[in-house]
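Please read this short report on helices and chain contacts. Keep the structure in view as you go.

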Amino acid sequence: MAGFYLFAAAVLLLPWLGIDPYFITVVGVAAGLHIILAVGLNLLMGYAGQISLGHAAFFAIGAYASAILTTRYAWPGLLALAAGLVLAGSIAWLLARPILRLHGHYLAMATLGFGVIAHVIMVQASGWTGGPDGLGGIPPLNLFGWVVDSDTRWYAVMAAATLLALWLSLNIIDSRIGRALRAVRGSEFAAQIMGIDTARAKTQVFVVSALFAAFAGSLFAHQQSFVSPDSFNLAISVELVTMVVIGGMASTFGAAFGAIALTLLREGLVVFEDYEMLIHGALLMVVMIILPQGLFVGIGQGLRRVLALVLSRQP
Amino acid sequence: MPEQLLQFLVTGVTVGAVYALVGLGFALIYNASDVVNFAQGEFVMLGALLAIALLGTGLSLPLAALAAILITVLVGLLLERVAIEPALGAPVVSTIIITIGAAMVLRGAALLLWGKDFHTLPSFSGDAPLNLGGATLLPQSLWVLGVTALLVLLVRAFFNRTLLGKALLACSCNRAAAQLVGINVRVMLRLAYGLSAGLGAVAGILIAPITFSSYDAGVMLGLKGFSAAIVGGIGHPLGAVVGGLLLGVLEALGAGLISSGYKDAIAFLFVLMVLFFEPTGLFGAASAERV
């Protein structure tokens, strides 16, 4: 948990370091959102070894549940958030068994297909979702009378939500379920023989990671006060996977690191305009070829090796 | 109504043939390297846009098409050398990210070269539609179907009748064993990438007169090709062809009878349904896991 306290201290200190407020309130809030998504996806990908190329769909379910229920039915924000969680969790639970029975590229295809279908529904079911133009006028989140309506307040809420996500993830990994998941990743067959109900373990982690995504989606809807299908397309699903893999799989802080790195990268590449896609793609390739285990994990291992070398040189 | 159904069928088979070619490319690369190449759709886009650009420089259509195919093959070889060879044996997700990165690089390069505009190629042999029992058939559709059929037969003969093709298949069964019997695995890998880039480029050039091509035209085509390969059972070349045709026909029927906005959802719903009942595709063999 040392890493967690270090991270919490960093989050608390950040606004007082004299950095451009834009980076704290806009980039910081986006990074927090990405951390929740990446940490949740990492439970599924890094620990249980199951790929998902459709995670943006669960992000969308949370966002649209909040958007539709608060604007059309005047539900309070927290109740809509809870409804989004229930909906995303139920869909994940229903899908988990047939989808997680698949392996490797078949699983990638099925999750990708799920993401595309969800996106098509967002665009086409315009009576509910507002179609391609999206849905605006989402009221600010009201937390028991405290209205989250300024950038500073959003930073505080997102910081708390991010820390909650990290804390949950670290504890899940360290629990009985977490150990079962790691066994599944090692070898599903061997885990079964040791008496682990692998289908159940995979279903649980799929639901949990869907809940993380839906939670982030609800916050996103209130923070932007507008949602549209563009925020939940295949590119976003791919970007989430990239965050987990670039950071380093099977490491909660690796996923968080990847989320921050890609948020900053996207922010930094905007100045390149038309060159953005080219540079983004090239960077992904270079990182994956040089450090297949990810930046966070790879750099950590590298530093340890250098340290060991330096120590062994001393007489 | 029967004429309408026939029309949907004709449209579906034409589109399906293109999916089949893209899916065939997926199967080839998967067989040689266990990698699903998410840049496959970008080969299709490159073939189309290069042919259009070369035609614009005054080359004749056959020459422009040939040059476009050759350049795309070179791009495929370059991709293999720069990105795939150094990462051989990496986990599945790493290779997925690498090929997605490669797809972004190709798309980004196309954006810089050709902008965001839509481009189109003139039909190979005129636009006068043929009448087929009440349904109209564009001459270009005949080109798509004919060339696809020819390429499928050639690929099949290549795997079944030539030593080179059998060597490539051997790599897919067991790379280490293939190397032990004297097959140069690296050469086979390059061969697979070159062939598959070439197949993609041909598909792109064939449909360029029917659809509009732009820098991001490869994304959906790549996904549909991947779906075709998965439905057929990945690494099964003929399965990919059947998968592509099925997907194309279903999509056309769905668009015509249900709703054109939902056609992609219908296609992917079909893929999900196939996977729920046949987790390794229609023709894929179940594999045993080694503990």
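## Ground rules

This is a predicted model: local features need pLDDT of at least 70, side-chain atom pairs count only at pLDDT 80 or more, and totals for chains, interfaces and linings use all residues. Residues are numbered from 1 along each chain as its sequence is written, while chains are lettered from A and ligands numbered from 1 in the order in which they are written.

## Two helices in chain A

Start with helix α12 (residues 252-269) and helix α14 (residues 295-313), both of chain A. Helices here are DSSP runs (H or I, at least four residues), numbered from the N terminus. The axes of α12(A) and α14(A) lie 8 Å apart, at an angle of about 115°. Axes are lines fitted to C-alpha atoms, for helices over the stretch in contact, and angles run from 0 to 180 degrees between N-to-C directions. α12(A) and α14(A) are therefore roughly perpendicular (65 to 115 degrees).

Which residues of α12(A) meet α14(A)? They are Phe253(A), Gly254(A), Phe257(A), Gly258(A) and Ala261(A). Their partners in α14(A) are Leu295(A), Phe296(A) and Val297(A). The residues of this contact divide into 6 nonpolar, 2 polar and no charged. Ala, Val, Leu, Ile, Met, Phe, Trp, Tyr, Cys and Pro count as nonpolar, Asp, Glu, Lys and Arg as charged, and the others, Gly among them, as polar.

## A pair across the chains

Helix α5 (residues 104-124) of chain A crosses helix α11 (residues 263-277) of chain B at roughly 150°. Their axes come within 9 Å. Residues in contact have C-beta atoms, placed from the backbone, within 7 Å. Among those of α5(A) are Tyr106(A), Met109(A) and Phe114(A). α11(B) brings residues including Asp264(B), Phe268(B) and Leu272(B). The division is 14 nonpolar, 1 polar and 1 charged.

## The chain contact

The contact takes 36 residues from chain A and 39 residues from chain B. On the chain A side, α5(A) gives the largest share, 13 residues. The side of chain A that touches chain B has 26 nonpolar, 8 polar and 2 charged residues.

## One residue in chain B

Ala68(B) sits in helix α3 (residues 61-84) of chain B. Is Ala68(B) buried or exposed? Ala68(B) counts as buried because it has 27 C-beta neighbours inside 10 Å. The cut-off for buried is 20 or more other C-beta atoms within 10 Å; exposed means 12 or fewer.

Leaving aside neighbours within four places in sequence, Ala68(B) is in contact with residues including Gly47(B), Leu54(B) and Ile205(B).

Note on methods: Parallel < 35°, antiparallel > 145°, perpendicular 65-115°, else oblique. Contact = placed C-beta atoms within 7 Å.
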